[in-house]
Number of protein chains: 2
Amino acid sequence: MINEISNQDCRAVLTRSSIGRLGCALDNQPYVVPIYFAYEADYVYILSTFGQKIEWMRANPKVCIQVDEIANQSQWVSVIANGIFEELPEPQYSTERAHARSLLQKRHNWWLNALAERQTKLNDVLIEPLFFRIHTDSMSGLRATA
Amino acid sequence: MINEISNQDCRAVLTRSSIGRLGCALDNQPYVVPIYFAYEADYVYILSTFGQKIEWMRANPKVCIQVDEIANQSQWVSVIANGIFEELPEPQYSTERAHARSLLQKRHNWWLNALAERQTKLNDVLIEPLFFRIHTDSMSGLRATA
């Protein structure tokens, strides 16, 4: 049986999860990438590095976050949150940026450390960590039970 | 270290995977859902049921499939394939449809059986299995190694 879950249950899934997928779109071409995140209240805080997705979200801030917990084939839950991309540039957003870093540090400290300890490179381009957030404005979820 | 992987490596990841995420978009709003799939040559065959994604892909066939293998925090691979949605309606596509069913049956037999054995319902609406495929026209992938 597959059933819709409540908004409260959707929030609970986001709160306890830390890996999800971020969808963005440009000229109606979708683009999906795995992300590390931390959810609190109406924001999904994201730690990211390189890439196309930032350029795309700057051009079109409408995004989608998908998170699932797949226990087995007939027991899973999947949540989709729609929202708006917000960058957290210095110095205007230094408070929000510090908050994002603090939230993400609890879950993804290893990654921040890894970035600090060595130069993560992609094709010889230095990768810098980047913080942004998604203001969620709607959520829905499905749960399958045996 | 994060490195791009070859097209051949991207195909190998798709070939051995069976769960991924499908991104579609309408009016530049992205939408991401988990999917069961089987990849062969230049097609991703998908078994799906209800929903918004089918309506959206009929309106805009440009889609994206994202597949990852996350061994641990510093060892993962993620592949993104862009492609075009193709429905496989009866009777014109009965050969392709049978092929899709055969490929998916090898990996997802439990799900086809589950659909056959009982009426899977969402809000009292009967769910019917639906087959479609994505013709992939570009792929890229990243691999992180410790």
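Predicted model: local features only at pLDDT ≥ 70, side-chain atom pairs only at ≥ 80, totals over all residues.
**View 1. Salt bridge between Asp42(A) and Arg11(A).** In chain A, the side chain of Asp42(A) pairs with that of Arg11(A) in a salt bridge, with an N to O distance of 3.2 Å. Asp42(A) belongs to the loop between β3 (29-40) and β4 (43-48), whereas Arg11(A) belongs to helix α1 (residues 7-16), so the contact ties together parts of chain A that are 31 residues apart in sequence. Asp42(A) is partly exposed, its relative accessible area being 30%. Arg11(A) is also partly exposed, with a value of 30%.

**View 2. Salt bridge between Asp42(B) and Arg11(B).** In chain B, a salt bridge joins the side chains of Asp42(B) and Arg11(B), at 3.2 Å from N to O. The pair ties together parts that are 31 residues apart in sequence, because Arg11(B) sits in helix α1 (residues 7-16) of chain B and Asp42(B) in the loop between β3 (29-40) and β4 (43-48) of that chain. Asp42(B) has a relative accessible area of 31% and is therefore partly exposed, a class that runs between the limits of 20% and 50%. Arg11(B), at 30% relative accessibility, is partly exposed.

**View 3. Salt bridge between Arg97(B) and Glu90(B).** Arg97(B) and Glu90(B) form a salt bridge in which the closest N and O atoms are 3.3 Å apart. Side chains of opposite charge can pair when their charged atoms come close. Over all chains, the count comes to 12 salt bridges.

Key:
Residues numbered from 1 in each chain as written. Chains lettered and ligands numbered in written order. Heavy atoms only, no water. Salt bridge = Lys/Arg side-chain N within 4 Å of Asp/Glu carboxyl O. Helix = DSSP H or I, 4+ residues; strand = E, 2+ residues; numbered from the N terminus. Buried < 20%, exposed > 50% of the residue type's maximum accessible area, 1.4 Å probe, protein only.
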